[in-house]
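User: I am new to this structure and would like to work through it step by step. Could you take my questions in turn?

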Amino acid sequence: MSTTDSSDVIVIGAGVVGAACAYYAARHGLSVTVLDRGAVAGGTTGAGEGNLLVSDKEPGPELELALISLALWRELSEALPPEIEYEPKGGLVVASAPEGLPALRKLAAGQRAAGVKAEEIPPERLPGLEPHLAPGLAGGVHYPQDAQVQPALAAAHLLRASGARLRLGEEVTGFLKGASGELKGVRTSKGALHAPYVVNAAGAWGGELARLAGATLPLLPRRGFVLVTEPLPQLVRHKVYSAEYVADVASGSAELQTSAVVEGTPAGPVLIGASREQVGFDRSLSTAALRRLAAQAVALFPVLARVRAMRTYAGFRPYLPDHLPAIGHDPTVPGLLHACGHEGAGIGLAPATGLVIARLVTGDKPPLDPGPFGPGRFAGASGTSGTSGRASTPR
Amino acid sequence: MSAEPYDLAVIGAGAAGLAGAVHAAGQGLSVALLDDAAQAGGQFFRHPAPALKAGRPQALHHHWSAFRELRSRLAASAVDHLTGHHVWTVTRDGDLPWAVHALTGADGEEQRPVCIRARALLLATGAYERQLPFPGWTLPGVVSAGGVQAMLKSGLVLPGRRIVVAGSGPLLLAAASSLATAGARVPLVAEAAGYLGYARHPGALAANPGKLAEGALHAKVLARHRVRLSTRSAVTEVHGTDRVEAVTVRRLDRDWRPLPGTGRRIACDALAVGHGLVPRIELATALGCATRQAPDGTSVLVLDDRQQTSVPGLWAAGETGGIGGWQLAAVEGELAALAVAHRLSGRPAPARVRELRRRRDRMRRFAEAMGAAHRPGPGWTHWLQDGTEVCRCEEVTAGSIREAVAELGARDARTVKLLTRAGMGWCQGRMCGAAVACLAAGGGGAAASEERRPFAVPVPLGTLAALDEPN
């Protein structure tokens, strides 16, 4: 074996979260190896929309993480090449009927108290922000901090900038452990790699990986479809969605839920997504999901009715029962850290997650209290020990 | 909302679909036959629209009588032939009948969605052309070999006066022969393969004398028009400013790598280029049908002995199970029709099934031998310069695809697409998919692209929004 088979940290998963872990670990002076059984951004990252949102988060630990993360994305947009397509375009959440306004106002007030910039937009000012919005909407809230990146390119350029060793097409088949059960590295389809710390950034497959390491993480996949239209001249300026989206994000229901976020992209196509449903790792097309996405997008922007959808793609957003990611040390396997379970917010939350992981490895002070994200929070709940019966459903 | 479902919906009215539809109707099944085009025939039996009043469309077809028979059987049958129907997806909810979602009517205001229900489905969606890019391939005057055939068959026009034909596969000889017959000058047919590959399958060849006769016929036409055939050669560059003025032809080694010092320039005003066909299977892969890599390097549907895919209730015939030509397609269409009738009615399968299977297997063996001989060699990527456009829709060059693989961690067509946009444009990778998959695999050859395209054609959002709720 070569001498390059040992490093300070092994990150499993070359999606955006793994890339951010690698980037910040390297900036903290650690040597990093990133492993993925597939390609860079080949999993959930590649099936994401690139949402960097504070607008959809209720006050609490996730919002705090998002605020730090969006500030880090701003820094990264200067450090990384323009190909990542960082656009601080802002978000616009609209209420279609007056009944939706009080809840939206209440949410915005709470968010403002937590440090979010949120400006209420009366109905007559909506066309100024979004000329093609449907007439007759009740009003909205503008969130200037919301932004967007092209997720696959963002992950790839973060990884490249990290200088980490990249081993693709290499699947982890087991973990190397010392006498007292502490991790010493991983075994892969191509040999052994040594490191005192291993980061589980395997996204929707993080539950399986945890199990392989002898740990437990009750992670489940939630399927989301995104619709992509033909290229258009700029028609949608912000990330626009209806107030109902926030309720969907916070929901634990297995039913199909949709509240379409509509947004333009620098390349021209408009993205509409995503639906959310718990169906395991099933990629088959759901016309019900597409119908609702399309109907909501057309309701917000009637001009879209004649616009053609070119394609659609499904991704599996990894989520945990309390809808918070797992970021931190595993309670039972020393040396194992988790950085997964970000659901539909992984692109946005990646930098702050990477920074927390790096600080936990070096022993520096994390940028926020990582307690609420501690992977040990599920240990006591006996009901969740059956964990990933669904997550292990083969693709 | 809906009437009684059909017993069988057939998608595609080429040789496979026509045969499938008429034979299923002959077995007493109610059948809907959906197709994009205004008239039946598919790619092979493409013929001028009646309005053109072509005197003898059969002049372009050696097998016109076979088609005429299928067409008159269709006319005499109770099959509902739904022309101008663009199927965009197929779905099934549990044990309910299949739902075939299509768009019909002219683009724009008049276009409307249609949903056809059927208990069984036969996919006969044919194939499209495999493109391997090379410097200059986007210049006006460069046309596909299949495109030439289509132009001649439907519009009766020539793409130029002096036309070089290049690429690999039996379609080259057919195209060159049609062009010469239609009055074009064909200075050269450059075939990248050696043709020796066939010799390794003498059994398959001897069992298919018809194919030999067909080849001999083309050879005779080409000899009469003094068309030269160079094997192990390829057009590696096209020259011209506004349109094709000349091409460079190079000799190739066994792996299709151009041999240095062998370039020669040939003046021409058009180039017809073809590298065989790629099965159109996106409706099936969207349903999760199993695929395999055929000897020609393309991804094809895995079918059982009676043409059923790995998804129960879904049959396929013709090119979708591997490129094999119209005769094989017609046999498979009939076989699938009998299999569906047997499944739906429970009656014993007719004795003819055995005969059809024998003919299918014989023709399949031949087709696979031919496919292996014309499979692109791994050296073809050496034709590409870094600035050569590979994805025409999104203007992505070979250089940026190579960078995505070497520097950014792409490993397959999907991640190349995500990192470069290659394949995200209008054609959704149908044009560049084969080439991108090869480059993503880090070398040449013919890596099969496993792309999923849930929409077989673009769908207006208003149409999607108006879809019926299930039930």
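The questions below go from chain A as a whole to one strand of chain B.

User: What radius of gyration does chain A have, and what would a compact globule have?

Analyst: The model is a predicted one, and its chain A spans about 70 × 40 × 40 Å along the principal axes of the C-alpha trace. For 395 residues a compact globule would have a radius of gyration near 21 Å, so the value of chain A agrees with that expectation, being 21 Å.

User: Which percentage of the residues in chain A is buried?

Analyst: Chain A holds 9 helices and 19 strands. Among its contacts between residues at least 6 apart in sequence, 75% join residues at least 24 apart. Of the 395 residues in chain A, the buried share is 55%.

User: Is each face of β9(B) covered or uncovered?

Analyst: In a regular strand, side chains alternate between the two faces of the sheet. On one side of β9(B) lie Ile163(B), Val165(B) and Gly167(B), while Val164(B) and Ala166(B) lie on the other, and all of these are buried. Both faces of β9(B) are therefore, by the burial criterion of 20 or more other C-beta atoms within 10 Å, covered.

User: Through which helix does the chain cross from β9(B) to β10(B)?

Analyst: β9(B) pairs in the parallel sense with β15(B) over 5 bridges, where Val164(B) has Leu271(B) as its bridge partner. With β10(B), residues 188-191, β9(B) also pairs in the parallel sense, over 3 bridges, and Gly167(B) stands opposite Glu191(B) there. The β-α-β crossover from β9(B) to β10(B) is right-handed, and the helix it passes through, residues 170-181 of chain B, is α4.

Definitions and conventions. Residues numbered from 1 in each chain as written. Chains lettered and ligands numbered in written order. Predicted model: local features only at pLDDT ≥ 70, side-chain atom pairs only at ≥ 80, totals over all residues. Helix = DSSP H or I, 4+ residues; strand = E, 2+ residues; numbered from the N terminus. Rg over C-alpha atoms; globule rule 2.2 N^0.38 Å. Buried ≥ 20, exposed ≤ 12 C-beta atoms within 10 Å, placed from the backbone. Contact = placed C-beta atoms within 7 Å. Pairing = 2+ DSSP bridges. Right-handed = clockwise from strand over helix to strand, strands pointing away.
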